[in-house]
There are 4 protein chains.
Amino acid sequence: MNLEPGNIDTTASRISMIGVMLKGYTTPRTPRGISSLAPAPPWHYVSTSLAIEFAADPVKAARFLPQSLEIDPDGRCAVYFAEWQFATDEGEEYLDPVRSQYKEAIFLIGARYRDEQVAYCPFIFVDQDVSLMRGLIQGWPKQFGTVWMTRPSILPSKAAPVEGPGGRFGATLSVRDRRTVEAQVTLRSVTDRRPSPTFARGVNVRYFPDLAAGKHDDPSVHELVQLKSRDVRFSTIWTGEAALKILDHPHLEIADLAPTSVGAGYRFSFAFTVDDVVLLKDLRRSVAVSAT
Amino acid sequence: MNLEPGNIDTTASRISMIGVMLKGYTTPRTPRGISSLAPAPPWHYVSTSLAIEFAADPVKAARFLPQSLEIDPDGRCAVYFAEWQFATDEGEEYLDPVRSQYKEAIFLIGARYRDEQVAYCPFIFVDQDVSLMRGLIQGWPKQFGTVWMTRPSILPSKAAPVEGPGGRFGATLSVRDRRTVEAQVTLRSVTDRRPSPTFARGVNVRYFPDLAAGKHDDPSVHELVQLKSRDVRFSTIWTGEAALKILDHPHLEIADLAPTSVGAGYRFSFAFTVDDVVLLKDLRRSVAVSAT
Amino acid sequence: MNLEPGNIDTTASRISMIGVMLKGYTTPRTPRGISSLAPAPPWHYVSTSLAIEFAADPVKAARFLPQSLEIDPDGRCAVYFAEWQFATDEGEEYLDPVRSQYKEAIFLIGARYRDEQVAYCPFIFVDQDVSLMRGLIQGWPKQFGTVWMTRPSILPSKAAPVEGPGGRFGATLSVRDRRTVEAQVTLRSVTDRRPSPTFARGVNVRYFPDLAAGKHDDPSVHELVQLKSRDVRFSTIWTGEAALKILDHPHLEIADLAPTSVGAGYRFSFAFTVDDVVLLKDLRRSVAVSAT
Amino acid sequence: MNLEPGNIDTTASRISMIGVMLKGYTTPRTPRGISSLAPAPPWHYVSTSLAIEFAADPVKAARFLPQSLEIDPDGRCAVYFAEWQFATDEGEEYLDPVRSQYKEAIFLIGARYRDEQVAYCPFIFVDQDVSLMRGLIQGWPKQFGTVWMTRPSILPSKAAPVEGPGGRFGATLSVRDRRTVEAQVTLRSVTDRRPSPTFARGVNVRYFPDLAAGKHDDPSVHELVQLKSRDVRFSTIWTGEAALKILDHPHLEIADLAPTSVGAGYRFSFAFTVDDVVLLKDLRRSVAVSAT
């Protein structure tokens with residue numbers, strides 16, 4: 001290329017000044033917009049999940065709730081393990097599954113917001129960056145963890161349970177090299193009941209800190225939001241008895257949610273689409289002050 | 001502990017001398033035998049597999065065969081991608097799935113051994129050490145690779161194909177940071193045909209080198225073996241058209257098996273048990289000489 | 001625990017209402033504040049780095065710049081590979097290094113902002129979630145990638161280069177299973193020159209999208225910021241000739257920055273502390289409008 | 001390609017019959033021999049190591065020893081953590097470091113063989129398949145584990161210790177999702193002493209099982225061997241006080257080697273070359289019988 005330097009300068013800087021505009025729903029934002037860590041919604045999800053209902057000490061669990069939420073008096077909680085697959089409208093990301101698959105462990109605490117039952121997520125662990133980014137945008141407090149879940153087989157084998165009466169399924173979470181949660185569910189029967197607390201009533205906190213000096217406690221984004229999903233579909237739900245251990249971790253307060261009792265376990269698939277979230281309340285101090 | 005040193009010495013060395021015996025099917029062999037990388041057979045396996053039949057250049061493919069095998073004249077090959085779950089008789093390893101699950105990509109070349117059709121594996125890639133060890137013992141030339149496979153859902157979703165007509169499945173292999181194989185199968189119909197070449201007729205080479213000076217080309221173990229499995233069970237087999245790319249890799253000769261044509265694709269589960277292998281021929285030079 | 005339900009309810013909900021306050025610089029925010037993915041600043045960093053200066057097509061490179069930046073007419077760029085260690089003031093995270101170590105590959109484009117030379121980062125890849133989160137807060141467009149870098153030895157060995165004349169160092173980046181960048185530097189001499197463009201003049205875009213319906217193009221945070229660091233220290237800087245390949249990637253526009261020429265390579269360590277960032281301009285449309 | 005089938009058959013099968021010969025020191029053995037998981041020796045290694053001397057219960061430790069070894073009466077043991085880099089004579093594998101770098105945690109028990117002091121390795125953990133394979137061939141009972149080690153910096157920073165008096169270094173091992181070993185060393189002074197037991201006197205067991213029915217307890221290879229290395233070089237050795245925890249693991253007997261007392265810690269580099277091993281004794285039953 002032998003353009004005159006002056007020409008290059010003019011052309012190139014005009015391009016950047018005019019702002020042909022960077023594209024992309026998240027960073028990195030680029031000329032064609034195909035490099036974003038998370039693509040633009042709608043986001044279509046399908047999971048295979050193992051869920052365990054349990055009760056935590058309600059006084060301890062209450063301390064994990066953000067402003068405006070009240071603890072459920074019986075300390076109802078649930079942990080969900082899930083193998084996910086994800087795609088956009090036309091992306092067919094599942095055909096190159098490194099872009100689409102991930103595993104998660106999700107804790108929910110039963111709570112109330114303005115007299116409605118909601119669920120709040122104090123901890124969630126995932127194994128792919130794309131999912132971490134989509135999660136942060138929805139207010140899921142994601143960080144990395146390693147999740148394993150038993151898979152069933154329709155073939156009789158000592159290597160796999162049946163998805164049916166007597167089938168035993170394990171699920172585990174490890175965080176930064178340490179085993180953190182161990183769960184087991186033995187399926188007994190089909191049920192119409194979904195595990196509770198449920199994602200369907202999730203209230204999250206979208207939070208993005210500021211780093212400017214003096215503003216470390218004054219986040220750029222601090223919003224109480226209601227999750228929204230559409231086109232929700234559930235498979236047959238299997239239920240049975242469950243066991244659950246939450247182990248101490250030196251850099252997580254997760255053992256404060258250790259089960260005081262363990263309820264039912266569930267195995268099921270569900271699918272849904274996300275392209276919205278509802279702002280319930282701006283929790284920033286400055287806003288609160290000016291609003292008052 | 002305040003035993004006299006002399007006593008300790010006596011006791012301890014007697015123990016080691018008597019050889020209460022180390023236990024374990026593989027190293028590490030230990031007092032209780034529960035630490036072995038691979039536990040003792042029988043080994044029960046169940047997989048979900050995506051397989052693609054293809055033809056390679058038969059002259060190039062022939063060069064990958066060990067002594068005593070002849071290439072199939074039409075260069076028939078197959079690549080299998082599989083998500084596995086494994087257990088021993090009483091181990092229930094699938095309940096702590098980090099011990100039980102792994103993914104693989106397996107290449108098979110159609111060949112003949114003494115006028116019988118067999119299959120030979122030139123390359124196999126896996127993501128767990130336990131499986132690598134069990135594989136070496138059976139003569140599978142395992143090394144590490146990263147495998148991803150599309151999962152179907154019974155729920156309608158843009159995030160997953162159906163396991164049925166029109167369902168599209170991808171599978172990929174990466175080896176040492178480089179994408180190496182990309183495959184895609186579109187299901188069309190159920191079939192009674194199993195992909196070919198097939199594991200059922202696998203002939204492997206068990207190989208364990210010597211390191212003593214002067215013996216680097218004189219392996220301690222060099223055996224042509226016939227794989228054996230029992231209690232083999234197949235699920236319904238779906239088939240349809242396939243696409244397959246084998247990409248160049250600077251440290252693998254795998255692109256020498258690049259498809260000259262691509263045949264059918266298959267999706268199915270199968271389960272089986274392994275606790276035997278049949279020695280066909282000792283390939284060590286010293287043995288060969290003495291046998292002549 | 002046998003408290004009356006009523007008591008629990010009152011106590012617990014009072015706790016949550018009073019808002020004993022969740023703590024933590026980032027999510028998850030918790031009662032004791034020790035569970036946050038990224039701890040509160042200051043953040044102390046030390047790296048070992050390999051950097052390569054190169055020129056990209058300035059027209060193509062210009063398209064990666066955000067509003068307000070103009071491309072450097074000669075398309076000056078650099079890629080830095082780094083092995084990092086991180087700690088907070090009292091955290092001594094490096095003693096449990098899974099919390100502290102990570103590797104990165106960082107691209108910088110030379111640019112101008114209001115007649116000052118600056119550097120803009122179009123792509124950055126990292127292998128730990130904690131670093132990804134700290135990065136997003138500073139406007140680094142981080143996503144996951146796998147980085148490898150040669151290490152030198154002071155012992156003569158065919159297994160390692162010397163950090164001195166003739167020492168050859170490699171560095172590689174892989175993203176989502178695909179080799180993306182390959183670099184090599186042969187050290188020749190010590191220099192006072194630091195690679196350019198340089199982190200010291202980094203201008204980033206802090207960006208956090210909204211997900212509410214109708215606001216997907218209306219980010220919650222969209223700020224042009226000037227990076228700030230303090231207590232910056234450099235080791236001896238080695239320099240020499242370099243080679244660099246940027247390979248096509250189907251989901252990254254990184255090959256648009258492929259080198260048209262490759263300049264010098266560098267190897268050095270540097271350390272610094274971050275606890276501030278300077279807002280240059282709020283890029284949100286709504287703000288721009290109201291500010292006009 | 002339109003050759004006649006008959007021609008292909010003849011040509012190709014002649015090639016395989018003549019046996020142009022598969023090449024490669026380990027599987028996979030291929031036409032050009034460049035695909036082997038482990039390349040042919042000599043193998044050049046260089047490491048940065050953190051070692052901790054400790055005493056285990058000698059009665060328990062004795063039970064880990066193979067036939068012919070006697071426990072050291074004082075139960076002397078050591079654990080070594082190491083970051084390795086590897087290359088062959090001409091391979092320069094360190095320039096594509098995914099092929100060359102790996103991390104390990106190695107346990108040694110002090111023992112006697114025919115009145116000579118030796119060291120026996122009951123457990124060793126590594127994070128790369130290539131190293132696992134080279135290890136098995138030398139009799140190292142390798143399996144996968146995740147190792148992290150603090151790195152020093154010559155720059156003053158809260159993010160790194162100095163390699164000098166007062167410098168504190170951590171090292172950790174996790175195996176199959178569970179933290180298994182935590183160690184810490186505070187450097188105090190330079191020493192001429194190398195940690196003990198030492199690799200230099202390593203006695204290993206080369207072991208490769210048979211899988212043929214009836215032969216599961218009758219290994220194909222079962223050899224007591226003396227490790228050999230040449231061109232061994234040590235850096236300056238730093239020493240100081242150490243802390244060490246070995247945690248319970250459900251699938252490892254490693255906690256049977258828990259320290260009854262912890263001795264000195266060491267930090268150093270060493271380099272060496274391996275292309276030999278010395279057979280001390282064939283431990284196979286059949287051989288023992290026939291030899292008697």
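These legends accompany several close-up views of a predicted model, with attention to the places where its chains meet.

**View 1. The interface of chain C and chain B.** In this predicted model, nine residues of chain C are in contact with nine residues of chain B. The area buried between chain C and chain B is about 630 Å², and carbon and sulfur atoms give 27% of that area. On the side of chain C, the residues that lose the most area to chain B are C:Asp177, C:Arg178 and C:Arg179, which together make up 79% of what that side buries.

**View 2. Salt bridges and polar contacts between chain C and chain B.** Across this interface the rule finds four salt bridges, and the count of residue pairs in polar contact between chain C and chain B is eight. A salt bridge is formed by C:Arg178 with B:Glu182, where the closest N and O atoms are 3.4 Å apart.

**View 3. The strands of chain C that touch chain B.** Strand 8 (146-149), strand 9 (168-175) and strand 10 (178-191) of chain C each supply at least two residues of the side that touches chain B, and the largest share, three residues, comes from strand 10 of chain C. By class, this side of chain C has five charged, three polar and one nonpolar residues.

Note on methods
Residues numbered from 1 in each chain as written. Chains lettered and ligands numbered in written order. Predicted model: local features only at pLDDT ≥ 70, side-chain atom pairs only at ≥ 80, totals over all residues. Heavy atoms only, no water. Contact = heavy atoms within 4.5 Å. Buried area = accessible area lost by both parts, 1.4 Å probe. Salt bridge = Lys/Arg side-chain N within 4 Å of Asp/Glu carboxyl O. Polar contact = N/O pair within 3.5 Å; in protein donor to acceptor, adjacent residues only side chain to side chain. Helix = DSSP H or I, 4+ residues; strand = E, 2+ residues; numbered from the N terminus. Nonpolar A, V, L, I, M, F, W, Y, C, P; charged D, E, K, R; others polar.
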